[in-house]
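Dear colleague,

Please find below the structure that I am handing over to you.

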Amino acid sequence: MAWTAHDEAAMRQALELARRGEGFVEPNPMVGAVIVADGVTIGSGWHERFGGPHAEAAALAAAGERARGATLFVTLEPCCHHGKTPPCTDAIIAAGIARVVVAVGDPFPEVAGRGLDALRSAGIAVETGLCREQASRLVAPFGKLVATGSPWVIAKWAMSLDGHVTPPAGSDRWISSEPSRALVHDLRGRCDAILVGIGTALADDPLLTVRPPGPRVPLRIVLDGTARLSVDSRLVRSAREAPLLVAVGPHAPAERIARLQKAGCEAWRSESSDRDVRLAALLAELGRRRLTNLLVEGGPEVLGSFASLGAIDEVWAFVAPRLLGGETPSAVTGHGRAAAELARSIDIEHVSNPGGDILIRGLVRRA
């Protein structure tokens, strides 16, 4: 398909609009739409919040009667089923849109090509694939949740130039810069859950909250096989303000679990003693809860377990211009070929220098 420069500009505008919904629309996908007539944008919109109007409906409302005979550019195939809102295909047909350009198909089984078929059956010219790669990236977390029943997993860590993630005793507890930490808080505020292991929880006594608050209040998760988390920890003491789930194993003492529950925590128990099985079961549970984006902040053993399981989708690595030396652990440890496999399969999407650090963001390449 040969698209014009005007077509590409309109779809890029729709993609930018779609990104405004990040953190507000999940578990729905981010979607943007632009309506063009005679080379002029006459209406635009995006899916602004879960349960609210879809991008197409917002753009059609903005365009009004001018939409008749116009072209609709939309980043995701319009829906054709009744969910929280009526089918977008019905609204598009009723508005008299003559041409629809779609970046990528909807992976949701109730749509998955049916939306395009409905538009074509109504005599609308339908074209697909414009800016497909960028649109596919936008809907990747939604697509994974639909396809696998598990959330999109973002692995984040901060390390020194020599690969260490734990500062020496008596030194500044932070490896990364303040601007880097601000980026992490922004990321937290767009995720559904944040996960650490019990080692990190005991050593750092973190809050794992979002400061300042973002569009989401993430569920905080601690992997704690034997329920060692203290009721005096900052995590537990804040459990009534920000939700906290403690994922325990089959041998966690009942009295410890009861203390955590009494303090306002949720305890989720796996019946398996195998940590990979427990982790896979937890991911399935988060998927059942329709959590779309999970941020894993460590420590090294936890990151290694996720890597060994093949569960990491995206990486945020902050590298500070410091040398720590010593015998502290590297960012990703654990059993199996976790670190080596992860290192060979990351496609870098972004590199920047917040506060003098190097931030490397990338996607884990799938076979």
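Which residues of α11 are buried? They are L279, L282, L283, E285, L286 and G287, where buried means under 20% relative accessible area, exposed over 50% and partly exposed in between, with a 1.4 Å probe and protein chains only.

Please note that this is a predicted model, in which local features need pLDDT of at least 70 and side-chain atom pairs count only at pLDDT 80 or more, while totals for chains, interfaces and linings use all residues. Residues are numbered from 1 along each chain as its sequence is written, and side-chain values use heavy atoms, with hydrogens and water left out.

**Helix α11 and its surroundings**

Helix α11 covers residues 275–288; helices (H or I, at least four residues) and strands (E, at least two) are DSSP runs, numbered from the N terminus. Its 14 residues reach 20 Å from the first C-alpha to the last, close to the 20 Å expected at 1.5 Å a residue; the expected span is 1.5 Å times one less than the number of residues. Just after the helix, R290 has a positive phi of about 65°.

Helix α11 packs against helix α12 (residues 300–309) at an angle of about 80°, and the axes are 10 Å apart. Axes are lines fitted to C-alpha atoms, for helices over the stretch in contact, and angles run from 0 to 180 degrees between N-to-C directions. The pair is therefore roughly perpendicular, a term for angles of 65 to 115 degrees (under 35 is roughly parallel, over 145 roughly antiparallel, the rest oblique). R275, D276, L279, A280 and L283 of α11 meet E301, S305, F306 and L309 of α12, contact being heavy atoms within 4.5 Å.

**The nine-stranded sheet**

An open sheet of nine strands with mixed pairing runs in the order β10-β9-β8-β7-β11-β6-β12-β14-β13; two strands pair if DSSP finds at least two bridges between them. Its edge strands, β10 (266–269) and β13 (346–352), each pair on one side only. Neighbouring strands in this sheet are turned by 25° against each other on average, direction ignored.

Within the sheet, six of the six residues of β11 are buried. Strand β6 (residues 152–160) runs parallel to β11 (residues 293–298) and is joined to it by four bridges. Here W152 stands opposite N293, and V153 has L294 as its bridge partner. Strand β7 (residues 193–197) also pairs with β11 in the parallel sense, over four bridges, and L195 stands opposite V296.

**The five-stranded sheet**

A further open sheet, of five strands with mixed pairing, has the order β2-β1-β3-β4-β5. Its edges are β2 (40–46) and β5 (125–128); each has a single partner strand, so one side of each is left without a neighbour in the sheet. Strands β1 (residues 32–37) and β2 are antiparallel and share six bridges, with G32 partnered by W46 of β2. Helix α2 (residues 55–63) lies across β1, β2 and β3 (71–76), at about 140° to β2.

**Residue R216**

R216 is found in the loop between α8 (198–204) and β8 (219–223). Its relative accessibility is 18%, so R216 counts as buried. Its side chain reaches the backbone oxygen of G23 at 2.7 Å. Beyond its neighbours within four places in sequence, R216 is in contact with several residues, including F24, E26, C191 and D192.

Yours sincerely

Key:
Polar contact = N/O pair within 3.5 Å; in protein donor to acceptor, adjacent residues only side chain to side chain.
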